[in-house]
Amino acid sequence: MTLLEYETAARERLSGPVWDFLEGGSGTESMVLAGRAALDRIQLRPRVLVDVSTCDSRCSLLGTQLMAPVGIAPMAYHQLAHPEGEVATARAAGEAGALLTVSMFASRTLEDIAAAATGPLWLQLYWLRQRDLLAGLIRRAEDAGYQALVLTVDAPRVAHRPRDARNGFAVPAGIRAVNVSPSVMSASHGGQAGESAIARHSKEQFDPSITWEDLAWIRERTRLPLVLKGVLTGEDANLAVRYGIDGLVVSNHGGRQLDFAQPAADALPEIAEAVAGRCQLILDGAIRHGADIAKALCLGADAVFIGRPALWGLAHSGTSGVSAVLQVLLDEFAEVMALMGVARVQDFKSSGIVHR
Ligand SMILES: Cc1cc2nc3c(=O)[nH]c(=O)nc-3n(C[C@H](O)[C@H](O)[C@H](O)COP(=O)(O)O)c2cc1C
């Protein structure tokens, strides 16, 4: 099955409102399409008569060793897709040698996920008003062996997502963000027609006042590498380097935050130029084929994250579904490497692509 066939299969298995929450975007949903269109505009330029008898897709991302430059993006509430939730996803990621970034709004505990994982884990944080809660999560992540922290910076609040508002979407009673105290999460539950509980919760609990200066607060509390997720300009990439950030996820949140933004793939070259190797770069959004990984690397990324496709696999058949999705991507990527005449991931260069 291709990734898009997993999408169809997942749709058949999930309720309408859950499907809309997973698939939907913000505003006019223009960014969901734009993210894909940006990758589709890029064409590969293969080289021939290169020895590709052994292609090596392994790489190191902030000291984390991976079988290929692929990770799973942080996504809240994997139990919406499958009862085993993040535990099933972690098993599959480990089997594939891929990274899993666990959302602070995971539906399984950080410790249960770590116990099931056989591969590397990172933890993603939103900046909540209650800082002691973040400090507690950072400590727990370190104790459980998580290898980096990802602070999402494109969401001072969750954007208006019309499908969720129309559905009055709320996190179902049996599913909870178990790593955060129930009182802080209560606004995420209990639907109300015309309003998304997810958006309501973010307005109540996210701290929209944080600035670059606040990053020191996290730095003082951890030695783990710190990654910012949701950077889309060279200016902010420069600031990130100046503030000692170790990595950036160039992302428009899968089209779920700022509508009418520049697609992440289009923003990546300016960011790669700005950081000039001073911090590592990950691209996410609309990665649906192994060739997209090659395109991202040619644009200047060190790795990619996939979002929704992991949840499609999870909804299809738990661990084995996520494993299959990752395997499809990795097999496609291996073939693209061989046919492009690229034997090592670090050999992807900007000359490997052209914009249509
Ligand atoms: C259902 C869902 C939940 C998400 N939850 C989070 C989250 O908790 N934290 C975060 O930083 N990003 C979250 N994201 C955004 C993803 O990390 C990622 O940026 C995006 O899904 C990548 O695009 P793709 O789905 O097209 O691959 C979520 C995305 C989806 C689809």
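Q: Over the face of which ring does Arg256 lie?
A: In this predicted model, the test is for CZ of Arg within 6 Å of the ring centre and within 35 degrees of the ring normal. Arg256 is 5.0 Å from a ring centre and lies over the face of that ring. The ring belongs to Phe21.

Q: At what distance from the ring centre does Arg131 lie over the face of Trp217?
A: The cut-off for a charge over a ring is 6 Å from the centre. Arg131 over Trp217 has a distance of 5.4 Å.

Q: Is Arg308 buried or exposed?
A: Arg308 is found in helix α14. Its contacts, leaving aside neighbours within four places in sequence, include Glu23, Met75, Arg256 and Arg288. Buried means under 20% relative accessible area. Arg308 has 10%, so Arg308 is buried.

Q: How many aromatic pairs does the structure hold, and why is the pair of Phe105 and Tyr126 stacked?
A: The structure holds eight aromatic pairs. The ring centres of Phe105 and Tyr126 are 5.6 Å apart. Planes under 30 degrees apart count as stacked. The pair is stacked because its planes are at 25°.

Q: How many residues apart in sequence are the parts that Phe105 and Tyr126 tie together?
A: Phe105 lies in the loop between β5 and α5. Tyr126 lies in the loop between β6 and α6. The pair therefore ties together parts whose separation in sequence is 21 residues.

Q: Which residue forms a stacked aromatic pair with Phe333?
A: The centres are 5.8 Å apart, with 25° between the planes. Phe333 sits in helix α14, and its partner sits 15 residues away in the loop between α14 and β12. Both residues are buried. The partner is Phe348.

Q: What share of its accessible area does the protein cover on the ligand?
A: 23 residues surround the ligand, with Pro74 and Ser103 among the closest. Backbone N or O atoms lie 2.7 Å from a ligand oxygen at Pro74 and 2.9 Å from a ligand oxygen at Ala286. A side-chain N or O atom of His253 is 3.3 Å from a ligand nitrogen. Of the 610 Å² that the ligand has on its own, the protein covers 97%.

Conventions. Residues are numbered from 1 along each chain as its sequence is written. This is a predicted model: local features need pLDDT of at least 70, side-chain atom pairs count only at pLDDT 80 or more; totals for chains, interfaces and linings use all residues. Side-chain values use heavy atoms; hydrogens and water are left out. Rings of Phe, Tyr and Trp (its six-membered ring) pair if their centres lie within 6.5 Å; planes under 30 degrees apart count as stacked, over 60 as edge-to-face and the rest as tilted. Helices (H or I, at least four residues) and strands (E, at least two) are DSSP runs, numbered from the N terminus. Buried means under 20% relative accessible area, exposed over 50%, partly exposed in between (1.4 Å probe, protein chains only). Contact means heavy atoms within 4.5 Å. A residue is near a molecule or strand if one of its heavy atoms lies within 4 Å of it. A polar contact is a pair of N or O atoms within 3.5 Å; within protein, one must be able to donate a hydrogen and the other to accept it, and residues adjacent in sequence count only if both atoms are side-chain atoms. Accessible areas come from the Shrake-Rupley method with a 1.4 Å probe; for residues, only the protein chains shown count as cover.
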